[in-house]
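Biologist: Before we discuss how the helices and the nonpolar residues are arranged, could you show me the model and explain the terms as we go?

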Amino acid sequence: MSEALSYPKNKIQIVLAEKVHTAAADVFREAGYTVEMVPNALEGEQLAEVVSRAHVLGVRSRTKVRAAHLASAKRLMAVGCFSVGTDQVELEAATSQGIPVFNAPYSSTRSVAELTLCCVIGLARKMAERSMRMHQGHWEKAVEGSFEVRDKTLGIIGYGHIGQQVGLLAETLGMNVVFYDVVRKLPLGRARAMHRMMDVLEASDFVTLHVFGGATTRDLMGEAELAAMKRGSHLLNLSRGSVVDLAALKAALQSKHLAGAAIDVFPTEPAAGKAPFESPLQGLDNVILSPHVGGSTEEAQRGIGAEVATALVSFLDSGATEGAVNFPTVHLRPFPHAHRILNIHRNVPGA
């Protein structure tokens, strides 16, 4: 695309909110764009004002971009979710207005996988309970209920990028790995695919969830699924807060059917760091709670910043939609001295 024919880069307003890593701004600036960095999550009038004037909006997980906000978008060309998930943007509304939404499906993979294995070991050694008691001034050195993870079975629900990495790391600890995915996946290492999710639940000492959010996975782990897990096993959720029925999980933990759980994501999460947090799992000494930090490492955030910004620059410069979650992937070679037009229309019979 010719610079002389394209919309002037210095007039394109790119707004990055929620302390998106500076690597993103570096990518935009190297491509000739100007970036406005907003340190806080956007909401209310501030979000409406930014959406109404920005050409590109970049957010993390706390800014919720809904249909009402998108309706006031006058020039918004793309939204970048600097995260794996895109729950924070109403995708159907964005698609209907021709706004592609980009995310970072790869860059936080290692960080989430490492924390998952950390939680597996922490649950096996009762670290949540031990730490809580030490903070209360009690020295309780005990063997009962603590064990090595070697030769134990890890069941993975959702064998995507993160699930695969979790499986490979678990094998280095000597664990047996089984998995279930709604899409047929090639097993890596010595992992074994199972035909039903229930088979994984029944066979595993630890079950870890790595699935997408949305209606199809809401309450994926409910009362029946938790009851199907082995007595004395553990549940980990580092995917989406909506996939576990927390009331049912609390009951399974209190009845000692499950020995422990590690939860990093929640159905409702505070919009700001200092806002109060409430969960039915608070106060249970066999539960590890963390504030959605699976991908919160310097390495992951740097990678996410570069990954999403690169995709957005490619879209702005050439119309490529590679990396968009709500548009078909289009990545054609550049056409000098020409414009590229991307048409979006409803699938109406006879049109």
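Modeller: This is a predicted model. For helix packing, an axis is a line fitted to C-alpha atoms over the stretch in contact, and the angle runs from 0 to 180 degrees between N-to-C directions. On that basis helix α1 (residues 22-30) and helix α11 (residues 298-318) pack at an angle of about 30 degrees, with their axes 7 Å apart.

Biologist: Why is α1 called roughly parallel to α11?

Modeller: Angles under 35 degrees count as roughly parallel, and the angle here is about 30 degrees, so α1 is roughly parallel to α11. The crossing of these two helices, α1 and α11, is right-handed.

Biologist: Which residues make the contact between α1 and α11?

Modeller: On the α1 side they are Ala23, Ala24, Val27 and Phe28, while α11 contributes Arg302, Gly305, Ala306, Ala309, Thr310, Leu312 and Val313. By class, the residues of this contact divide into eight nonpolar, two polar and one charged; Arg counts as charged, and Gly is counted among the polar residues.

Biologist: What makes leucine 226 a contact of Leu235 and Leu258?

Modeller: Contact means heavy atoms within 4.5 Å, and, leaving aside neighbours within four places in sequence, leucine 226 is in contact with Met221, Leu235, Ala248, Leu249, Ala252, His257 and Leu258. In the largest nonpolar core, which has 30 residues, Leu226 is one of those that touch the most other members, together with Ile157, Met221, Leu235 and Leu249. Among the elements giving two or more residues to this core are α9 (223-228) and α10 (246-254), and α10 gives the most, with five residues. A second, separate core of 26 residues includes Ala24, Val27, Ala311 and Phe327.

How values were computed
Residues are numbered from 1 along each chain as its sequence is written. This is a predicted model: local features need pLDDT of at least 70, side-chain atom pairs count only at pLDDT 80 or more; totals for chains, interfaces and linings use all residues. Side-chain values use heavy atoms; hydrogens and water are left out. A nonpolar core is a set of buried Ala, Val, Leu, Ile, Met, Phe, Trp, Tyr and Cys residues joined through side-chain atoms within 4.5 Å. Buried means under 20% relative accessible area, exposed over 50%, partly exposed in between (1.4 Å probe, protein chains only). Helices (H or I, at least four residues) and strands (E, at least two) are DSSP runs, numbered from the N terminus. Angles under 35 degrees count as roughly parallel, over 145 as roughly antiparallel, 65 to 115 as roughly perpendicular and the rest as oblique. A crossing is left-handed if the near helix is turned anticlockwise from the far one by less than a right angle, and right-handed if clockwise.
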